[in-house]
Amino acid sequence: IDHFETILTLQDNHFATLNNLAAIHIRLEQRDQAIALLKRALAANPNDDASQFMLHALTGDEKNPAASPTYVNNLFNNYALYYDQHVQGLLHYALPQYIGRLLHRLKCNHLNYTIDLGCGTGLCGVVLRELSNHLTGVDISAKMLAQAEQKGIYDKLVESELISFLQQEQQSYQLAVAADVLPYLGELDTLFAAIHQRLSKEGLFIFTHEISSSSHWQLQNSARFSHHPDYIKRLCDQHGFQIISQQNVVARQQHQEELNVLLYAVRSI
């Protein structure tokens, strides 16, 4: 990174590289460097929504901006090659194990069609493969999907923004999983409606969210959204889901501290 930033001292109009480097600095939790790069990127391209989104997150000047699929795509394309090593080795990412235990407790041993939303490199897919006849993975990042494909665990991989895919898809699923996905979406009404439409009767939706203690949802300086449990309950009531499990788990490390999230299983009714 330092090498590229040295080159960029003479290329302040190189917007794409400035933006991508800022995304990497956010992932590495290097806030000041990210802010400096974002200001340079926006000077070169003032209308870019991804750079504006990241700057909102880091400065805290707006708590409820719209989510930015462009930001998510850039972030994970840059992250793909070292994603597994980083989250498993350094951050002790544990959601696949928690989800596996939850599915075992719910006696989900044999499912025809499962969808892994925001599948990334397939860390949860390894767990889902064991109980699914047909496993579909969907992700916005082509480079994350390329890593998932190498593992050979999915029957189908789709590069798409999640809500667009769900609204166009015709297949019904017995299980939908969204591990560490809601923090990149903000408002969730559209997502819950789209997932309910794709689940079979009594189908399960398993997901996690970072926890807000005040607002229904708000952008954090990590560039991820947190959501209030009352907001999730309202969404379930409105969109035809029954909460059957809700537990606080440690998803991973953040700033060398435990990151607590809520893990849900809800049933389509």
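## A bridge across the chain

Lys151 and Asp84 join their side chains in a salt bridge, at 2.7 Å from N to O. The pair ties together distant parts of the chain: Lys151 sits in helix H9 (residues 142–151), Asp84 in helix H6 (residues 83–90), and 67 residues separate them. Lys151 is partly exposed, with a relative accessible area of 33%. The model is predicted, and every value here is computed from it.

How many salt bridges are there by this rule? The count comes to five. Two others are described next.

Arg31 and Asp32 form another salt bridge through their side chains, at 3.6 Å from N to O. Arg31 is partly exposed, at 38% relative accessible area. Asp32 counts as exposed, at 57% relative accessibility.

## Helix H6 and the residue after it

Asp84 brings us back to helix H6. Which residues of H6 are buried? They are Tyr83, His86 and Val87. Seen down the axis of H6, these buried residues fall within an arc of 85°, so they line one face of the helix. An α-helix has 3.6 residues a turn, so residues three or four places apart point the same way.

His92 follows H6. This residue lies in the loop between H6 and helix H7 (95–105). Its phi is positive, about 55°, although His92 is not a glycine.

## Helix H12 and its cover

Helix H12 spans residues 229–239, and its buried residues are Tyr231, Ile232, Leu235, Cys236 and His239. They cover an arc of only 140° around the axis, which puts them on the same side of H12. On the other side of H12, Asp230 and Asp237 are exposed.

What covers the buried residues of H12? The cover includes H11, E5, strand E6 (217–219), strand E7 (225–227), E8 and E9. After H12 comes Gly240, with a positive phi near 80°.

## The largest cavity

By this rule there are two cavities of 30 Å³ or more. The largest has a volume of about 50 Å³. Its lining is made of Leu95, Asp180, Pro183, Thr208, His209, Glu210, Ala251, Arg252, Leu259 and Val261.

Which of them gives the largest share? E5 does, with three residues. By class, the lining has five nonpolar, two polar and three charged residues.

## The second largest cavity

The second largest cavity holds about 40 Å³ of space. Ile115, Leu117, Leu166, Tyr173, Ala176, Ile195, Arg198 and Leu199 line this cavity. Strand E1 (111–117), strand E4 (173–178) and helix H11 (189–198) each supply at least two of the lining residues.

How does this lining divide by class? Seven residues are nonpolar, none is polar and one is charged.

Glu202 has its place in strand E5. Leaving aside neighbours within four places in sequence, Glu202 is in contact with Arg267 and Ser268. Glu202 and Gln174 are 28 residues apart in sequence, and 7.7 Å apart in space from C-alpha to C-alpha.

Gln256 lies in the loop between E8 and E9. Phi of Gln256 is positive, near 65°, in a residue other than glycine. Gln256 is exposed, with a relative accessible area of 79%.

How values were computed: Residues are numbered from 1 along each chain as its sequence is written. This is a predicted model: local features need pLDDT of at least 70, side-chain atom pairs count only at pLDDT 80 or more; totals for chains, interfaces and linings use all residues. Side-chain values use heavy atoms; hydrogens and water are left out. On a 1 Å grid over the protein atoms alone, a cavity is a set of points where a 1.4 Å probe fits but cannot get out, and a pocket is an open set with protein on both sides within 12 Å along at least five of seven lines; lining residues have an atom within 4 Å of a point. Grid points are joined across faces, edges and corners, and a volume is the space filled by probe spheres set on the points. Helices (H or I, at least four residues) and strands (E, at least two) are DSSP runs, numbered from the N terminus. Ala, Val, Leu, Ile, Met, Phe, Trp, Tyr, Cys and Pro count as nonpolar, Asp, Glu, Lys and Arg as charged, and the others, Gly among them, as polar. Buried means under 20% relative accessible area, exposed over 50%, partly exposed in between (1.4 Å probe, protein chains only). The arc is that of the directions from the helix axis to the C-beta atoms. Contact means heavy atoms within 4.5 Å. A salt bridge is a side-chain nitrogen of Lys or Arg within 4 Å of a carboxyl oxygen of Asp or Glu.
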